[in-house]
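I opened my notebook to record what I looked up in this structure.

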Amino acid sequence: RFDRELFARALLHQQKGQIEPAIVLWNKFLQKKPNSFAARNNLGLLYYANDDITQAVYHFDQGFKLRPEAIQLKMHLARVLKVRAAIFEENREYDEAIRDLRRVAQLSPAKEQEGVERQIEALEDQIFEQVKKSDSTGEYQRFLKKYPHSPGNSDEARLWIENKSNVTK
């Protein structure tokens, strides 16, 4: 009975747009029922509305683990991962942005995957531009280790390393 009342109170606060009290109540509910899909989904929505992207990703991800077939939650998770990837990109944290975009591609319908893959390639291009400016064998090798199949860039990196090693022989 207590669980049902707590659930109802959390939902009521959420429906009224009272984000902070709803978050508190959903978290209390999760202490009793940690595998509640509804609580995870609702917390994800609330944290997203509150601009706490990290917590939104966490709760949507936990909900996804509970119900990977839930289409709506999958869409929510992809959306917050896109937002986080954009923040990472803005902060020039390209590796993290690529990591999130790869997850977005996995979660997205086939028709959207190509666009996400193009975003990833564009970020790999930006990373590779930094590698070229470094003119360092170590940087080229690190790039290849992280992105061995980067279109065009990986082949160019391999060729650069090969030419560099031929010069030093």
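Predicted model: local features only at pLDDT ≥ 70, side-chain atom pairs only at ≥ 80, totals over all residues.

**Entry: Asp135**

Is Asp135 buried, partly exposed or exposed? I looked up its relative accessible area and found 45%. Buried means under 20% and exposed means over 50%, so Asp135 counts as partly exposed. I then placed Asp135 on the chain: this residue sits in the loop between α7 and α8. Next I checked the backbone. Asp135 is not a glycine, yet its phi is positive, about 55°.

I found another positive phi at Asp51, which is a residue other than glycine. The value there is near 60°. Where is Asp51? I traced Asp51 to the loop between α3 (37–49) and α4 (53–66). Its relative accessibility is 66%, so I noted Asp51 as exposed.

Asp52 belongs to the loop between α3 and α4. At 29% relative accessibility, I wrote Asp52 down as partly exposed. I also checked Asp52 against Ile19. They are 33 residues apart along the chain, and 12 Å separates their C-alpha atoms.

**Entry: helix α8**

I moved on to α8, which covers residues 137–146. Which of its residues are buried? I listed Tyr140, Phe143 and Leu144. Seen down the axis of α8, these buried residues fall within an arc of 95°, so they line one face of the helix. An α-helix has 3.6 residues a turn, so residues three or four places apart point the same way.

I looked at the start of α8 as well. There, a side-chain oxygen of Ser136 comes to within 3.3 Å of the backbone nitrogen of Gly138.

**Entry: salt bridges**

How many salt bridges are there in the whole structure? My search gave eleven. I picked out a few to follow up.

I took Arg84 and Asp100 to begin with. Their side chains meet in a salt bridge, at 2.6 Å from N to O. The pair links distant parts of the chain, 16 residues apart. Arg84 is in helix α5 (residues 71–90), and Asp100 is in helix α6 (residues 94–107).

I turned to Glu114 and Arg118. The side chains of this pair form a salt bridge of 2.9 Å, N to O. Why are they about one helical turn apart? Glu114 and Arg118 are separated by about one turn because they lie four residues apart in helix α7 (residues 110–134). I noted Glu114 as exposed, since its relative accessible area is 56%.

I then checked Glu156 and Lys132. Their side chains meet in a salt bridge at 3.6 Å, N to O. I found Glu156 partly exposed, with a relative accessible area of 36%. Lys132 is partly exposed as well, at 29%. Finally, I noted a network: salt bridges that share partners join Arg84, Arg99 and Asp100.

**Entry: His76**

I looked up His76 and found it in helix α5. Its relative accessible area is 8%, so His76 is buried. What does its side chain contact? I recorded a polar contact of 2.7 Å between the side chains of His76 and Arg79.

**Entry: the largest pocket**

I kept the largest pocket for the end. The space in this pocket is about 210 Å³. How many residues line the largest pocket? I noted 13. Nearest its centre lie Asp95, Ile127, Gln130, Glu139 and Lys146.

I asked which helices supply the lining. At least two residues come from each of α6, α7 and α8. Which helix gives the most? I found that α8 does, with four residues.

Methods:
Residues numbered from 1 in each chain as written. Heavy atoms only, no water. Buried < 20%, exposed > 50% of the residue type's maximum accessible area, 1.4 Å probe, protein only. Arc of directions from axis to C-beta. Polar contact = N/O pair within 3.5 Å; in protein donor to acceptor, adjacent residues only side chain to side chain. Salt bridge = Lys/Arg side-chain N within 4 Å of Asp/Glu carboxyl O. 1 Å grid on protein atoms, 1.4 Å probe; cavity = no way out; pocket = protein on both sides within 12 Å on 5 of 7 lines; lining within 4 Å. Points joined across faces, edges and corners; volume = space filled by probe spheres on them.
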